[in-house]
Amino acid sequence: MRISVFLFLFLIVFNTGCKDDKKSDSKDVSTETSKQKAVVPPISTDSVYSFVEKQLSFGTRVPGTEGHKKMKDWLVEKCKSFGLEVEVQEFKASFLGKKDVPSYNIIASLNPDHEKRVILAAHWDTRLIAEKDPDPAKQNKPIMGADDGGSGVAALLEIMRVMSEKPIDLGVDFIFFDAEDQGEDGGNWCIGSQYWSKNPHQKGYTAEWGILLDLVGAKGATFHKEEISRYFAGKYVDKVWDLAHKMGYEKYFIKQNVGQIHDDHYYVNTIAKIPMIDIIYTTPAGMFGKYHHTHDDDIGIIDKDVLKAVTQVTTATIYKYSDGSL
Ligand SMILES: [Zn+2]
C-alpha cells in the first residue's frame, strides 16, 4: 500500500445505513429478548507469533513463486482445520514486469449461514522488490514480509483459532487478499481486493462492516485514525480505538488522525460499498516505519506485544459487536 498525497474525489454519497443501536436503560427483560453478553476469549501470543514464523518458513510469497504456492496450500488447509468453509478465488495479476500471474484471494467463512456478517481482512502476498532498502544491490530482491503481509495473516488466523473454540453468534468472513503489495509509484496496488470488490465470492454478498489488518506486528508500531477509514467508517474507528483504550492498549492505539493510506480497504469501501477500517502502523506524521519495503522486514522486526495488542483488540471488537455491546 502507499500513502496518498492527493485528494481523491468521492463519487458516491456515503451512507452508513446507520442503525441506531441505542438501548433503553430499562432492565425490564420481560418485554425484550436481551442477548447474552459474549465473553471475550484471550488470544495466545505464542500462537499468533508462530503463525508469522510459519509463513516465513515458506520463504518470500510473491505471486507466481514456489513460496506463494506453498503458502496458499497451507493457508487453505489451516482455515479448513479450524472448521471454516473456504473458497479460493483465482485471478490474474500483472505487476512489476510480470504478466498474468495466477493469484488467489482466499475467503474463509465462519458460520456461513448467519445473516449478520462482518469481514476481517489482510493481504497474504509479499513484495517482489525492496525499493526502500539502503543497499542498492538488494533493492530488486523480494522481502520476507514478516510484518508486511505476515502479521495481518497471523492475527487473522489466531482470531479464527479462538473463534473455532469459543463460538460466536455472528458470521465472520476472513478474506486474505492476494497481489496487494506489487504496486509502483504510478499505482497497481491492491489488485486482489479490487478484483474481489468487483467480483465478490458470492453473488450479492455483503457484510455490515469490516476491519483490515496491515503492518500490525512491528517494533515501535503505533496505530492512528486513518483518513479513508474515518471517511467511510468513522463510527467504527472510534469504537475500536475507544475499546483499545479501555483494554489498556492506549500506547499503541493513538487517538489522533493521519492522512490517507491507499490500502485494500479503499476498494472494499468504494466498490463493494462495505464500510471497512484499516488498522495499520503509521508514525504520528502518517508515514510508514523505516523497515517498510526493506529487508529489515524480517522476523526480527516483529514485537510480540504489538501483535498481541492488535489481535486481542480485534478479537474483543468482534465478540462485542456480536452481542451488540461494541
Ligand atoms: Zn507493502
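**Exercise 1. Describe how H1 and H7 pack, giving the angle and the distance between their axes.**

Solution. Step 1: The axes of H1 and H7 are 9 Å apart and meet at an angle of about 105°. Axes are lines fitted to C-alpha atoms, for helices over the stretch in contact, with angles from 0 to 180 degrees between N-to-C directions. Helices (H or I, at least four residues) and strands (E, at least two) are DSSP runs, numbered from the N terminus.

Step 2: H1 and H7 are therefore roughly perpendicular to each other, a term for angles of 65 to 115 degrees.

Step 3: H1 contributes Thr 45, Asp 46, Val 48, Tyr 49 and Val 52 to the contact, and H7 contributes Lys 304, Leu 307, Lys 308 and Thr 311. Contact means heavy atoms within 4.5 Å.

Step 4: By class, the contact of H1 with H7 holds four nonpolar, two polar and three charged residues. Ala, Val, Leu, Ile, Met, Phe, Trp, Tyr, Cys and Pro count as nonpolar, Asp, Glu, Lys and Arg as charged, and the others, Gly among them, as polar.

The model is predicted: local features need pLDDT of at least 70, side-chain atom pairs count only at pLDDT 80 or more, and totals for chains, interfaces and linings use all residues. Residues are numbered from 1 along each chain as its sequence is written, and side-chain values use heavy atoms, leaving out hydrogens and water.

**Exercise 2. Determine whether Tyr 49 is buried or exposed, and list its contacts beyond four places in sequence.**

Solution. Step 1: Tyr 49 is found in helix H1 (residues 45-56).

Step 2: With a relative accessible area of 17%, Tyr 49 is buried (buried is under 20% relative accessible area, exposed over 50%, partly exposed in between; 1.4 Å probe, protein chains only).

Step 3: Leaving aside neighbours within four places in sequence, Tyr 49 is in contact with Ile 299, Ile 302, Lys 304 and Leu 307.

**Exercise 3. Identify the protein donors of the zinc ion and describe the site.**

Solution. Step 1: The protein donors, 1.9 to 2.4 Å from the zinc ion, are Asp 148 (OD), Asp 181 (OD), Asp 181 (OD) and His 293 (NE2). Donors are N, O and S atoms within 2.8 Å of the metal (3.2 Å for Na, K and Ca); water is not among the atoms, so sites may look incomplete.

Step 2: The angles among the four donor atoms run from 59 to 147°, and the site is irregular. Four donors count as tetrahedral if all angles lie between 85 and 135 degrees; four count as square planar and six as octahedral if opposite donors are over 155 degrees apart and all others between 65 and 115; anything else is irregular.

Step 3: Both Asp 148 and His 293 are buried.

How values were computed
Parallel < 35°, antiparallel > 145°, perpendicular 65-115°, else oblique.
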